[in-house]
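Here is a short walk through one structure. Keep the sequence and the 3D view at hand as you read.

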Amino acid sequence: MARCRSIRCVAAGVLAAATCYAGCRCTYQGKEEPPAVEEPPVFTDIGAALTGVYYCSLAWGDYDSDGHLDLALAGGVLDVGVVTKVYRNDGGVLTDVGAALTGVVVCSLAWGDYDGDGDLDLALSGQGAGWIRMTKVYRNDGGTFTDTGAGLLGVDYCSLAWGDCDNDGDLDLALAGYGKSVGFVSKVYRNDGEIFNTAPGAPGGLNAVEASGDVTFSWTAASDNETPTLGLTYNLRVGTTSGGDEIMSGMADAVTGYRRIPAMGNVQHNLSWTLYGLPSDTYYWSVQAVDTAFAGGAWAPEETLTVP
Ligand SMILES: [Ca+2]
Ligand SMILES: [Ca+2]
Ligand SMILES: [Ca+2]
Ligand SMILES: [Ca+2]
C-alpha cells in the first residue's frame, strides 16, 4: 500500500486521495503516476507534565468551552493510590486543575453534556480507594465538578460511552464491566431527566480557496442556546455529488444534520480545514456545528468548488 494524490479504481472511477490498494491506480490531474513512498507517521512527545498511571483511562473534552481540548486522566499511581484528574489546556500546556473527583483504577472516563446545559460533564467508573467499585456522573458547574448521585451500578475493568440511544435529545449512558455480586454486565441507562437542549445554528461565511489542488475550507462560528460559541465543534462534509460524503464524511444526515456518531465534530474546534491534492473535479461541501451534547445543527447552505 502507498499514498496517492488521487486514486482511479479500475471499476469505480476516481475515489479520493487515499491509500492505494490492489486494483487501483494512482492518478493526478488525469494522468497515472507512481504511488508516493509510504512514510511512517511522525509523533513527538510534547513532554506534558502528566501524572503516570496504571490500569488507566484518558478522555479529551473542552470542559471550560474555551476552544481548547482538556484532558481527563484516571488510574493508579504507584505508592500513592488512585487518582482522577482534569488537566486544562492553555495553548498546549496542560495544568492539573485540582478537580474534586474520586480516584479510580481499572477504570473508564467519558465526557458528555448529560444535562444539556452547554458544558461537558464527566462520567467515571472503576475501582476507588478501598477496592470499592463505582460509577459516577459529575456535573460540571462552571468548572467545578459535583457528584450527581446518579445511582449507577459500580463496575471495574469497564467501559463507558455516552450516546442518545432513544433520540429524545439527551445523552444516555452505556456501561460494561465487572460489578460486585452481579459479575460481568453490560447495561444501557436511559436518561430520563427533563433536558431541553437545542441544536446549534448553522455556521456562516463559507469560503474555499484552492491552490494546485490544495483546498482550504473556512467558515465563521455558529451559535447555540446552551453551549458557548468557543465550545462548539464542527463537522465538515466534502463530496463529489450534492450532499455527498465521498471525500470527507460529515458522519451526519445531509438533509437533517442528524449525527450518526455521538462525538465532537470531525474538525473539532477549527474554523478552517485544508484538504491536500484534490484531483480535478467539482466539489460540494458544507459544515455544521456540534454542541457539547453532540447534537448536530443545520448544515450551512451547500457550496460548490471546481478544482481545474
Ligand atoms: Ca478547554
Ligand atoms: Ca452539562
Ligand atoms: Ca436520550
Ligand atoms: Ca445546544
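**Confidence first**

This model is predicted. The chain has a mean pLDDT of 92, and 89% of its residues reach 70 or more. One stretch calls for care. Over residues 10-17, pLDDT stays under 50. The model has 20 contacts beyond four places in sequence for these residues. Where pLDDT is low, the predicted coordinates should not be read in detail.

Turn now to an open sheet of four strands. Its order is S11-S12-S13-S14, and the pairing is antiparallel. Strand S11 (105-112) and strand S14 (144-147) form the edges, each pairing on one side only. On average, neighbouring strands of this sheet are turned by 25 degrees against each other, direction ignored. Strand S13, residues 133-141, pairs with S14 in the antiparallel sense over four bridges. Arg139 has Thr146 in S14 as its bridge partner.

The largest nonpolar core has 57 residues. Ala72, Ala74, Cys107, Leu109, Leu122, Ala123 and Leu124 touch the most other members. Take Ala72 as an example. Leaving aside its neighbours within four places in sequence, Ala72 is in contact with Leu58, Ala59, Gly61, Val86, Leu109, Trp111 and Leu122. In soluble globular proteins, nonpolar side chains tend to be buried together.

S18 and strand S19 (residues 214-220) pair over six bridges in the antiparallel sense. Asn207 stands opposite Ser218 in S19.

Methods:
Residues are numbered from 1 along each chain as its sequence is written. Chains are lettered from A and ligands numbered from 1 in the order in which they are written. This is a predicted model: local features need pLDDT of at least 70, side-chain atom pairs count only at pLDDT 80 or more; totals for chains, interfaces and linings use all residues. pLDDT is the predictor's confidence in each residue, from 0 to 100. Two residues are in contact if their C-beta atoms, placed from the backbone, lie within 7 Å. Two strands pair if DSSP finds at least two bridges between them. Helices (H or I, at least four residues) and strands (E, at least two) are DSSP runs, numbered from the N terminus. Axes are lines fitted to C-alpha atoms, for helices over the stretch in contact, and angles run from 0 to 180 degrees between N-to-C directions. A nonpolar core is a set of buried Ala, Val, Leu, Ile, Met, Phe, Trp, Tyr and Cys residues joined through C-beta atoms within 7 Å. A residue is buried if 20 or more other C-beta atoms lie within 10 Å of its own, exposed if 12 or fewer, and partly exposed in between; C-beta atoms are placed from the backbone.
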